[in-house]
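Please open the structure in your viewer and keep the selection panel at hand.

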Amino acid sequence: MLFNSIQFALFFAVVLLVFYILPPRVRVWWILAASLFFYCFESTDKLISDQSVYLFIAIGVSWVSGLIMDLIPSEGKLKVLRGVLLAEGLIADFGMLIYFKYTKFFIELINPKIVENGGTAISTDFNLLMPLGISFFIFTSTGYLLDVYRNKVKAERNPFYYALFTCFFPCILSGPIERADHLLPQLRKLHNVKVLDIDRMANGFFMIVWGLFAKMVIADRIAMIVDNVYGHYYLYGSVEIILASICYSIQIYCDFMSYSSIALGCAKLMGIDVFDNFAAPYLSLSVKEFWRRWHISLSSWLRDYVYIPLGGSRCSKIRKYLNVIITFLVSGIWHGAGINFIIWGGIHGLLQVIGDITTPLREKVNTLTHAKTESFGYKLGKGILTFIMVDLAWVYFRITDFKLANEIIRRMFSKPDLWVFFDQSLYRLGLDRREFNVLFIALIVLVVVDIARKKNDKSLGEILVMQPWWFRGAVIIILFFAVLTFGIYGPSFDASDFIYLQF
């Protein structure tokens, strides 16, 4: 039941209609039932599937562990029991995650050593069906356990509220990764939600249609170029490879941002605020700033539960840099079981370390050259350089084979073919002239929206609410018809998966 499918549109229409007409005190139970149905329906045609069981286990273990932990004093002789309960909950959660997501990867890593020592390789002829959204609901539940352990939040006594916190349907498959102190209080006050709140409804509908526009008009269209060029890279020269790389950067941004936007809009229509996951990341002036604007719920999770516990920046510089590298390696491992993800995470960690080390030198050069660091040109140069570094790292994220990724990057610089700008070759990369023009116009809209997002330092919904009612209505209607007219769909089209569903 993908967000860009007819099934989800019908499902959410029913959920929202019933939510508005039900007595206020019953709303939370309705959303819980809808969330469980959404997850079970997405997993299989059976109501109680194996995937659903693992979700229930994660919910049960973390709720019971948090509840008991909260009853034990954090000081005195019994405090060790809190640590035991925390460890038990984390082992259960991460044990499940490691088993489903990394078992095959680990076996493939150790097999060469086993064979080298005269042993028999372990068979990898099996297919573990990884529960959908496991990375997201595991991070949600482990964050909750850590917050209870640190006395940041009180354990949730009501198992149904906690279950809804963990499996809230807009967020369960691809985030945002929610926090207990942010979402649980809203769920407890769901009965106070005002049904006809025009600003909230305009905000919600706008975020949904904007997400559909980014997914169906931009991401799914630009994917045709990426898949074609990367799939036949040996047929193309530097310009086409560079263009495909840029296109993939845009594709993964629009694809993931669209999911988060739709999730935010759906939640907003039910009176719930979830994290805004993206804040114009490609307008960042450094890789460090990029990670403050990209996948915000994950980057903040890693900061609070990995980087700071390792010591953060309150230690020696060498230890600080090691903490940064470890945190981004964890980020890479979280994204998938593959060396390419580890390399991708390591590149981002290394770029941040290099950026920090070279800061005094760059500031000295700016002083000596009297650089106008607040000028548009200076910021544009920094922004382009940041995008290039992020873009090159995305190649390792997209291509699972390390040697192949290196070959693609090599071709960016070794097969010059500037003539493709003039012989119409660009219209043979996967899109014809009409589709290419539609994509170009859509990208202009994306750039304008992101500039407005960064300039105002507000969410898109907040910016829209600041406008007159007629402007809000016009924007929503225009985006809706743009999706209907230019969206990638139709009788022979299978709703395209969101990229982050695989993580």
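This is a predicted model: local features need pLDDT of at least 70, side-chain atom pairs count only at pLDDT 80 or more; totals for chains, interfaces and linings use all residues.

**First stop: the second largest pocket**

Select Tyr-282, Leu-283, Ile-384, Phe-387 and Val-447, which of the 35 lining residues are the closest to the centre of the second largest pocket. The volume of this pocket is about 1,100 Å³. Next, colour the helices α9 (238-269), α15, α16 (402-414) and α17 (433-456), the elements that each give two or more residues to this lining. By residue type, the lining of the second largest pocket consists of 27 nonpolar, three polar and five charged residues.

**Second stop: Ile-384**

Keep Ile-384 selected; this residue belongs to helix α15. Ile-384 and Ser-284 stand 100 residues apart in sequence, while their C-alpha atoms are 9.0 Å apart in space.

Select Ser-286, Val-287, Lys-288, Glu-289 and Gln-352, which lie nearest the centre of the largest pocket among its 44 lining residues. Two or more residues of this lining come from each of α10 (287-293), α11 (296-310), α12 (317-335), α13 (339-357), α14 (359-368) and α15 (376-398). The largest pocket has a volume of about 1,300 Å³. Its lining comprises 16 nonpolar, 16 polar and 12 charged residues.

Select residues 469-486, which form helix α19. This helix has 18 residues and reaches 26 Å from its first C-alpha to its last, close to the expected 26 Å. Within α19, highlight Arg-472, Val-475, Ile-476, Leu-479, Ala-482 and Val-483, which are its buried residues. Turn the view to look down the axis of α19: the buried residues fall within an arc of 125°, and therefore they line one face of the helix. Then highlight Trp-469, Trp-470, Ile-478 and Thr-485, which are exposed on the other side of α19.

What covers the buried residues of α19? Display α8 (198-231) and α18 (460-465), which are included among the elements that cover them.

Note on methods:
Residues are numbered from 1 along each chain as its sequence is written. Side-chain values use heavy atoms; hydrogens and water are left out. Helices (H or I, at least four residues) and strands (E, at least two) are DSSP runs, numbered from the N terminus. The expected span of a helix is 1.5 Å times one less than its number of residues. Buried means under 20% relative accessible area, exposed over 50%, partly exposed in between (1.4 Å probe, protein chains only). The arc is that of the directions from the helix axis to the C-beta atoms. Contact means heavy atoms within 4.5 Å. On a 1 Å grid over the protein atoms alone, a cavity is a set of points where a 1.4 Å probe fits but cannot get out, and a pocket is an open set with protein on both sides within 12 Å along at least five of seven lines; lining residues have an atom within 4 Å of a point. Grid points are joined across faces, edges and corners, and a volume is the space filled by probe spheres set on the points. Ala, Val, Leu, Ile, Met, Phe, Trp, Tyr, Cys and Pro count as nonpolar, Asp, Glu, Lys and Arg as charged, and the others, Gly among them, as polar.
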